[in-house]
Amino acid sequence: MSHSPLVIAIDGPAASGKGTLARQLGEHLNLPHFDTGLTYRAVAYALLQANLPLDDEELAVKTAANLDLSKLDRNILSAHEIGTAASKIAVMSRVRQILVEAQRKFAMTPPGAIMDGRDIGTVVCPDATIKFYVTASPEIRAKRRYDEIIQNGKSADYEEIFADILKRDERDMGRKDSPLRPAEDAHLLDTSKMSIENAFQKAIDLIEQAVAD
Ligand code: CDP
């Protein structure tokens with residue numbers, strides 16, 4: 001008997017808690033986890049490193065095509081500024097095409113994957129086994145990002161981060177290609193009102209139900 005891959009789609013805005021949830025689910029279910037934001041971050045980082053502009057689609061396409069997406073270094077790519085830069089190149093359709101193809105291939109490889117991003121349930125894996133949309137208020141998300149940066153021993157300004165989060169939401173939700181929005185069949189998890197343990201437990205219950213069906 002052949003089983004189709006188990007694909008868990010997790011979308012949501014910056015610092016919503018989707019990455020933490022995805023990692024915990026991956027460990028619990030023993031499924032590989034693909035943080036698709038890292039692919040957009042990697043393209044932005046390569047352009048920044050080469051002192052190239054972030055608004056030239058030809059250059060961004062070439063850079064994306066030449067990247068080895070199997071080697072994504074979270075330690076280098078996780079900086080807050082790289083996230084902002086990533087959202088600028090994420091508006092480019094031809095860049096998205098290249099990255100989405102690699103993401104789909106990963107998701108469809110047995111046994112499947114936990115995929116986290118902005119457009120997993122809507123575009124990358126519309127037939128996912130189950131979809132979640134993780135969100136939280138912009139104030140709470142900015143506070144989380146701020147705490148994360150301080151914990152890493154760097155300095156940060158809360159008001160600046162809050163403004164960045166709002167700008168990033170606007171760019172991600174307002175773009176023409178694959179805007180951030182919940183898939184119609186996504187389960188909403190609002191982590192402003194629930195601890196990460198509760199979100200995890202709720203997700204596990206829903207996954208067990210979906211797999212049983
Ligand atoms: O970690 P954080 O939520 O701040 O960001 P991320 O998930 O690493 O994504 C960085 C940026 O990449 C986002 O703001 C999006 O513009 C873009 N992105 C996307 O367009 N589609 C995805 N599937 C994942 C990320």
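Which helices each supply at least two residues of the shell around the ligand? They are α2 (37-49), α5 (80-89) and α9 (158-174), helices being DSSP runs of H or I with at least four residues, numbered from the N terminus. The model is predicted, with local features needing pLDDT of at least 70 and side-chain atom pairs counting only at pLDDT 80 or more, whereas totals for chains, interfaces and linings use all residues. Residues are numbered from 1 along each chain as its sequence is written, and side-chain values use heavy atoms, without hydrogens and water.

**View 1. The shell around the ligand.** Of its 18 residues, R41, R96, D119, R145 and D172 come nearest (a residue is near if one of its heavy atoms lies within 4 Å). Helix α2 gives the largest share, three residues.

**View 2. Side-chain atoms facing ligand oxygen atoms.** An N or O atom in the side chain of D172 is 2.5 Å from an oxygen atom of the ligand. For R145, a polar side-chain atom lies 2.7 Å from a ligand oxygen, and for R96 the distance from a side-chain N or O atom to a ligand oxygen is 2.8 Å.

**View 3. The largest pocket.** This pocket (an open set of points on a 1 Å grid over the protein atoms alone, where a 1.4 Å probe fits, with protein on both sides within 12 Å along at least five of seven lines; lining residues have an atom within 4 Å of a point) holds the ligand, with more than half of the ligand's atoms within 2 Å of its grid points. Its lining comprises 48 residues, with A15, R41, S78, R145 and E148 nearest the centre.

Note on methods:
A polar contact is a pair of N or O atoms within 3.5 Å; within protein, one must be able to donate a hydrogen and the other to accept it, and residues adjacent in sequence count only if both atoms are side-chain atoms.
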